[in-house]
Amino acid sequence: MSLKAGSEEHKAFFCRQFIDTYQEYDPETLPWPELDDAALARLRAVPFWQEVYHTERRAGAIVNAFLPYVSDPVVREAVALQGVEETRHAHLIRVMIERYGIDATEQPMDAFPEDLETAFIDFGFGECLDAFLGFGAFKTARQSEFLPSGMFDIFDVLMLEETRHIVFFINYMAWREKRRGHVAITRALKSAWFYGRAARRLLGLVRRGQDANDGKDFAVTQANFFLDGFSFGKFVEDCYRENARRMKAFDPDLMQPRLLPSVAGLALRGLRLWDRRRPQIQKAA
Ligand SMILES: [Fe+2]
Ligand SMILES: [Fe+2]
């Protein structure tokens with residue numbers, strides 16, 4: 001990276017990159033595919049549309065609520081655009097729910113904490129975690145031909161925007177922390193702490209989801225689409241590779257999320273080592 005992280009040039013650059021890669025589209029007029037009965041049943045049986053819809057609505061609300069507190073005009077322009085995109089994500093999910101008759105409704109929005117910047121930062125690290133896991137899940141789902149490829153093409157637009165959001169966020173955080181005079185180590189510890197919070201929230205969500213439908217409907221009827229031959233190692237590998245592939249589309253002068261890819265890379269090396277050693281260990285036993 002040739003730009004000094006946290007400098008005015010860095011700020012102008014990462015905001016400009018974000019603003020210039022905005023794409024205009026209307027969720028109503030996207031090429032939504034016709035689904036046959038089997039595909040429609042699979043789409044409707046996915047147990048998390050309600051949660052996805054709520055998450056996108058909440059995302060738009062948090063970003064828009066934080067907006068008036070952003071004093072820098074260029075950063076504010078970029079954050080405003082993120083708000084537009086998150087609001088449009090919720091709109092896109094609503095169009096899909098209505099078009100395909102999915103059983104998901106609007107949930108009431110929880111109140112935001114007083115400190116909206118912390119809410120925005122919590123949300124940003126949450127997005128980094130969701131996107132990283134989403135990269136692997138998206139690849140698995142696409143490969144399984146769970147739905148026609150036209151549907152995945154639509155979701156790919158959404159994934160690209162989420163990837164832009166996390167790249168913007170990582171650069172924003174570096175700029176913000178530098179301005180506050182925080183050194184690299186404090187920044188790293190702080191992100192690890194925020195990632196911990198994001199992971200706990202995600203686990204809580206998974207648990208709530210399991211309680212809500214007991215995993216039955218989805219597990220028995222649909223999940224074997226994904227889970228046939230599912231391996232944890234392959235999933236981590238998919239996340240890792242898809243992250244690298246998607247990040248290649250960004251200017252190398254932008255900072256990128258590093259913590260999760262590093263942890264995943266380390267885990268993969270461990271898993272490979274374990275695979276190589278396992279026959280020897282079993283023989284010895
Ligand atoms: Fe979103
Ligand atoms: Fe986002």
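# Exercises with worked solutions

Along the sequence, the residues that donate to the iron ion (ligand 2) follow the spacing E-x40-E-x34-E-x2-H. Donors are N, O and S atoms within 2.8 Å of the metal (3.2 Å for Na, K and Ca); water is not among the atoms, so sites may look incomplete. The model is predicted: local features need pLDDT of at least 70, side-chain atom pairs count only at pLDDT 80 or more, and totals for chains, interfaces and linings use all residues. Residues are numbered from 1 along each chain as its sequence is written, chains are lettered from A and ligands numbered from 1 in the order in which they are written, and side-chain values use heavy atoms, with hydrogens and water left out.

## Exercise 1: the elements

State how many helices and strands the protein has, and what share of its residues is buried.

Solution. 
- Step 1. The protein has 11 helices and 0 strands. Helices (H or I, at least four residues) and strands (E, at least two) are DSSP runs, numbered from the N terminus.
- Step 2. Read from the N terminus, the order of elements is α-α-α-α-α-α-α-α-α-α-α.
- Step 3. Of the 285 residues in the protein, 44% are buried. Buried means under 20% relative accessible area, exposed over 50%, and partly exposed in between (1.4 Å probe, protein chains only).

## Exercise 2: the iron ion (ligand 2)

Find the residues that coordinate the iron ion (ligand 2) and classify the site.

Solution. 
- Step 1. The coordinating residues are Glu86 (OE), Glu127 (OE), Glu162 (OE) and His165 (ND1), at 1.9 to 2.2 Å.
- Step 2. The angles among the 4 donor atoms run from 84 to 151 degrees, and the site is irregular. Four donors count as tetrahedral if all angles lie between 85 and 135 degrees; four count as square planar and six as octahedral if opposite donors are over 155 degrees apart and all others between 65 and 115; anything else is irregular.
- Step 3. Glu86 belongs to helix 4 (residues 73-99) and His165 to helix 6 (residues 149-179), so this pair links distant parts of the chain, 79 residues apart.
- Step 4. Both Glu86 and His165 are buried.

## Exercise 3: helix 5 and helix 6

Describe how helix 5 and helix 6 cross and which kinds of residue form their contact.

Solution. 
- Step 1. The axes of helix 5 (residues 116-143) and helix 6 come within 9 Å and cross at roughly 145 degrees. Axes are lines fitted to C-alpha atoms, for helices over the stretch in contact, and angles run from 0 to 180 degrees between N-to-C directions.
- Step 2. The contact residues are 16 nonpolar, 5 polar and 7 charged. Ala, Val, Leu, Ile, Met, Phe, Trp, Tyr, Cys and Pro count as nonpolar, Asp, Glu, Lys and Arg as charged, and the others, Gly among them, as polar.
- Step 3. Glu145 sits in the loop between helix 5 and helix 6. Glu145 counts as exposed because its relative accessibility is 58%.
- Step 4. Glu145 is not a glycine, yet its phi is positive, about 55 degrees. Most residues other than glycine have a negative phi.

## Exercise 4: pairs apart in sequence

Solution. 
- Step 1. Val75 is located in helix 4 and is buried, with a relative accessible area of 0%.
- Step 2. Gln17 is part of helix 1 (residues 8-20) and counts as partly exposed, at 25% relative accessibility.
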